[in-house]
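Colleague: I am new to reading models like this one. Please take me through a single part slowly, and then show me how other parts compare with it in kind.

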Amino acid sequence: MLLQTALRKKASALTALVTAAAIALAPLPAARAQSKGPPILRDTETEQLLREYTRPILRVAGLEKQNIQMVIINDSAFNAFVADGRRIFVNYGAILQSETPNQIIGVLAHETGHLAGGHLSKLREQLANAQTQMIIAMLLGAGAIAAGSTRSSSSAGNNGLANAGAAAIAGPQEMIRRTLLSYQRQQEENADRAGVKFLTATQQSPRGMYETFKRFTSESLFAARGADPYLQSHPMPAERVAALQEFASSSPYWEKKDDPALQLRHDMVRAKISAFMERPETVYRRYPQTNDSMPARYARAISTYLHGDLRSALAQIDALIQVQPNNPYFYEVRGQALLESGKPAEAIAPLRKAVQLSNNSPLIEMLLGQALVGTDNKAYTEDAVRILRTAVAREPEAVLGYTQLAMAYGRKGDYAEADLASAQAAYLRGDNKTARELATRAKTRFAVGTPGWVKADDIVAAKPPRN
């Protein structure tokens, strides 16, 4: 009985060990997705462009109706990944470093290949199978060690049995690890081929995809020198790019160039990202005063307002509006500059124009709601509530919308709705304690069974996600 208990304890410890190994072998993005989540950036202009990039690819991949979302990660490294089968994550660095639309579209096509191939669920199955195999091998090895130790220690045969048990534990781990890594390399190759297939089906060139991977090959050749190819989770860079070039260059659209209008939009988004995310000296090196292009002027205008010269920034933004009077994002930047400079009343007009031209973008609606609330003018309260309610209905995970909605309800004197909106904002921030306290108070203000009471009760009853 004592031996069985000891073996059970050992099996439990081995299970934990194998689980940890499985997590370590999983792709980095999947591991990160299990935590509280990566830092996310929101921008209507950038998200809209990425949606337009992916829409035709998702259509030919048969994923058009899956509501795949594009998520921008606050990371300057060039990276993109899928983690849950319903979102494609893209670092802002990948957009900034992609010189042409075709280069980032190629990366998105590759990630769509992972989604279409069901690689995440298949990898989880492989990890589960590997864990089971490793546990069995370890338990058999532990049994051999136990059997060897219970017999006479003077017997060489019994020592051999114990040694064999130890080998039975160590050997399968390496074999299973190599098998999993090989499986992941095959997934990457399959995603490459699927990406080229999708690009060809949408009459787009796979050259950008090839150029991107080739650039990373040059950067990683030194790091990969001497590496064991069987211990790499991705194909060895040179081999992968050579294979990609072979089947990508056969596409009839290999030489096709990006549309100039699309290239301009791409460059505008890159300029915007640079202005918001990079130091001003870096922005001005990228976009010097001698560069009179629209992207350069856009970047300098944003950087100017961010670093304190509102009057000059507004003049630069107004000059951009004169060139493109129907560009909603110029009005958005103008309104945001005024709002963040403590002039919410002056921000209202450009933000209303931005909402109108952007087909009622919920993120811009939230900025407008913030400006209306920030004026302290009660005449704007009903308008703010209406706009913010519409915005959070379309963006139910946006903390800003609920925070501003709570303030608008408070100004209106509707403290039940104010508490509920504050509870929703706290819940989305991950502050479950505050969320429950506010929701509990909101329940006392609503009539039992009303929609507000039910929503508050849901927050009170909600269990925090497991870490």
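This is a predicted model: local features need pLDDT of at least 70, side-chain atom pairs count only at pLDDT 80 or more; totals for chains, interfaces and linings use all residues.

Modeller: Start with helix 19, which covers residues 415-429, and helix 20, which covers residues 432-445. Their axes lie 8 Å apart, and the two helices pack at an angle of about 160 degrees. Angles over 145 degrees count as roughly antiparallel, so helix 19 is roughly antiparallel to helix 20. The crossing of helix 19 and helix 20 is left-handed.

Next, look at the residues that meet. From helix 19 come Y415, A416, D419, L420, S422, A423, A426 and Y427. Facing them in helix 20 are N432, T434, A435, L438, A439, R441, A442 and R445. Sorted by class, this contact has 10 nonpolar, 3 polar and 3 charged residues.

Strand 3 runs antiparallel to strand 4 (residues 87-91), and 3 bridges join them. Within this pair, A80 stands opposite V90 of strand 4.

T112 has a relative accessible area of 0%, and because buried means under 20%, T112 is buried. Apart from neighbours within four places in sequence, T112 is in contact with I57, L58, A61, L63, I88 and F198.

Finally, consider two loop residues. Most residues other than glycine have a negative phi. N359 is not a glycine, yet its phi is positive, at about 60 degrees. N359 sits in the loop between helix 15 (344-357) and helix 16 (362-374). With 61% relative accessibility, N359 counts as exposed. D376, also a residue other than glycine, has a positive phi near 65 degrees. The loop that holds D376 lies between helix 16 and helix 17 (381-394). D376 counts as exposed as well, at 57% relative accessibility.

Methods: Residues are numbered from 1 along each chain as its sequence is written. Side-chain values use heavy atoms; hydrogens and water are left out. Two strands pair if DSSP finds at least two bridges between them. Helices (H or I, at least four residues) and strands (E, at least two) are DSSP runs, numbered from the N terminus. Axes are lines fitted to C-alpha atoms, for helices over the stretch in contact, and angles run from 0 to 180 degrees between N-to-C directions. Angles under 35 degrees count as roughly parallel, over 145 as roughly antiparallel, 65 to 115 as roughly perpendicular and the rest as oblique. A crossing is left-handed if the near helix is turned anticlockwise from the far one by less than a right angle, and right-handed if clockwise. Contact means heavy atoms within 4.5 Å. Ala, Val, Leu, Ile, Met, Phe, Trp, Tyr, Cys and Pro count as nonpolar, Asp, Glu, Lys and Arg as charged, and the others, Gly among them, as polar. Buried means under 20% relative accessible area, exposed over 50%, partly exposed in between (1.4 Å probe, protein chains only).
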